[in-house]
Amino acid sequence: MHETELHDLSDDADYAASVEQASASVMLTRTESGSRSFPSEPEGAELIYSKDNVTIHPTQFASERISGRLKLAKQGDSVFMTWSPYKGQSSNARLSEKDRNLYTIRAVPFSDVRSIRRHTPTLGWQYIIIVMSSGLAFPPLYFYNGGVKEFFATLKQHVLIVRSLEDANVFLVNDFQNPLQRTLSSLEMPGAVSMGSALSIPDSGSPLASLTDGGKNSAVLSQSIFRNWQKAQDPGRDLSINVLEKFSLVTKFARDTTTQLFRENSNGFAALDPKNYGIPRPRLDAPYQEEQEKKKVPEETHVPADPIEFDKLALVWGQPRQSPLGPIEWASFLDSEGRIMDSKALRKRVFYGGVEHTIRKEVWAFLLGYHDYESTYAEREYLKTSKRTEYMTIKQQWQSISPEQAKRFTKFRERKGLIDKDVVRTDRSLPFYEGDNNPNVKTLRDILLTYSFYNFDLGYCQGMSDLLSPILYVMEDESESFWCFVELMERLGPNFNRDQSGIHAQLFALSKLVELLDAPLHDYFQPRECLNYFFCFRWILIQFKREFEYEQIMFLWEVLWTRHLSEHLHLYLCVAILKRYRDKIMREQMDFDTLLKFINELSGHIELDPFLRDAEALCIYAGENGAASIPPGTPPSLPIENESSLLYSQDDEVL
């Protein structure tokens, strides 16, 4: 991509549209009298801020941006934010007008905003991330023409904003937290109303699980829970699996604040009435009403047929799984000096059969890229020695930090504290990690701390311990586990970007694959506001780690790491699971909340082999059209080198 594409926007259709609409906006403003307000806003709403050429990036490439206008409006004591994409021709052929409109942000009240994270990278444009009280975040908003300071200056005049003590780039909105509550929450004392104990999916009989039953009062209860969660959680934390695990508690309230708080109408702002928040008013006849609902017999719902005869497709193209690769067959792939003679054949063999556990340590080192396929026994031994020395050098960097230094090293304390909390609850039911003072738990902690110094920009995010755990279990060596984890994070690191760019790119690609492979299911999701595919977030973030048994996960991962048919087979696996349950989803008229609950309850109840066969069949069937639906550079693809339009950086400049 040319350098001019990054800096010279004069020939970009989005930019041209922004200039044209900005000019029109200026002319309109000059003709207005009194308060500056939207021409079609509810009575009394005042426009207090407007900025053109504020941009959302569905992918990591500058050419695929969606430019639009950001506005702040005030009605009474309430302040609202909207962002609308420019209409007209787009420079991005991949995105249709319908796709672009999916990113529209409609009338978000700041009373429901938890925090605003400001990013000021050394290179590139400033951007902000709006985080809702539910913990969910809107896509990053890039300010191509500046204006972040003006945005905050305007907002501070109307909304209480305070800088987080934990992270100077995070601004807390309406932070009225009780100091005692803050102290109890940080210590995780019983007196604190904390969601920390709800990280795992609650049992169906638990009080928390009952909140996702779609009951009429669940949204009110969910709102209260999310308010308490806002108080108990550290606002400076990176957004990652911490957000995802709360999806088991999401109801219509949280869904609406994440996607579209108000339905689109001709005014641009919906009437500022509680009913528009998706929050039901209390009803005196609620018990009676609930009883009547239980007595209702669901009507038969017509389910559109699967357009590609899915069952037959799997039989034709999905090959049965083979027995795992064993030691004798593994040796046949090596020459006398230890080189892999046919890496393509090896990867295909692993794709269809997996690997016996006794040789996983050797094979995984190749699949992850720690060892080169053409390396010899001697070269690999030398690499192990040199890499062990390098690992110890990095490890000593954090080990040498004295308590006095740590007092003045906030980022280190934050990351160390988060790692210490996570490792003690990662796969502790396994014999390898169970028990007090388990040395493997300490090794897991040491590797993660060392990685946070190796990749200081990314650091540590919740969910990384889930990815490292099986690697340490297989490699049984601290240094080799570290370097294999480094290789894995080269591909999956974008999943943990603060701006969630990697996850958003994969969810967008997933939506395009579903549209290609099952248009009726895609059409079913659209009016139910499910096209963001957030219900698949956890699958993608940690590669189905919570969905299958430990042995199955190791098998699945080694299959994915072969990249035999596609680097994005995990997305086809998502499609395969959705298609297998499509009839149930549509017949029961699942909306976002019930679909999310249903997806969560599939954990531990999915048989891997048939779905892998389905995913293979779908990948072959989709062919080039499927590959074209996935933007280049979408994780776990390796980033495109020397690409001047790569935008996302973890660097923050504290102003």
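In which order do the strands of the open sheet lie? The order is β4-β3-β2-β1-β7-β6-β5-β9-β8, nine strands with antiparallel pairing. This is a predicted model, in which local features need pLDDT of at least 70 and side-chain atom pairs count only at pLDDT 80 or more, while totals for chains, interfaces and linings use all residues. Residues are numbered from 1 along each chain as its sequence is written, and side-chain values use heavy atoms, with hydrogens and water left out.

**The sheet as a whole**
- Strands (E, at least two residues) and helices (H or I, at least four) are DSSP runs, numbered from the N terminus.
- Two strands pair if DSSP finds at least two bridges between them.
- β4 (105–109) and β8 (161–163) are the edge strands, each pairing on one side only.
- On average, neighbouring strands of this sheet are turned by 30 degrees against each other, direction ignored; axes are lines fitted to C-alpha atoms, for helices over the stretch in contact, and angles run from 0 to 180 degrees between N-to-C directions.

**Strand β2 and its neighbours**
- Nine of the 10 residues of β2 (residues 66–75) are buried, where buried means under 20% relative accessible area with a 1.4 Å probe, protein chains only.
- β1 (residues 46–56) runs antiparallel to β2, and nine bridges join them.
- Along this pair, D52 has R69 as its bridge partner, and V54 stands opposite G68.
- On to β3 (residues 78–85): β2 pairs with it in the antiparallel sense over eight bridges, with K74 opposite V79.
- The hairpin of β2 and β3 has two residues between the strands, and G76 there takes a positive phi near 65 degrees.

**Helix α14 and its surroundings**
- Six of the eight residues of α14 are buried, so this helix is largely enclosed by the rest of the structure.
- Among the buried residues of α14 are V363, W364 and F366.
- The axes of α14 (residues 360–367) and α19 (residues 464–475) come within 8 Å and cross at roughly 130 degrees.
- The two helices are therefore oblique to each other: angles under 35 degrees count as roughly parallel, over 145 as roughly antiparallel, 65 to 115 as roughly perpendicular and the rest as oblique.
- R360, K361 and W364 of α14 meet P470, I471, V474 and M475 of α19, contact meaning heavy atoms within 4.5 Å.
- After α14 comes G369, with a positive phi near 95 degrees.

Technical notes. Buried < 20%, exposed > 50% of the residue type's maximum accessible area, 1.4 Å probe, protein only.
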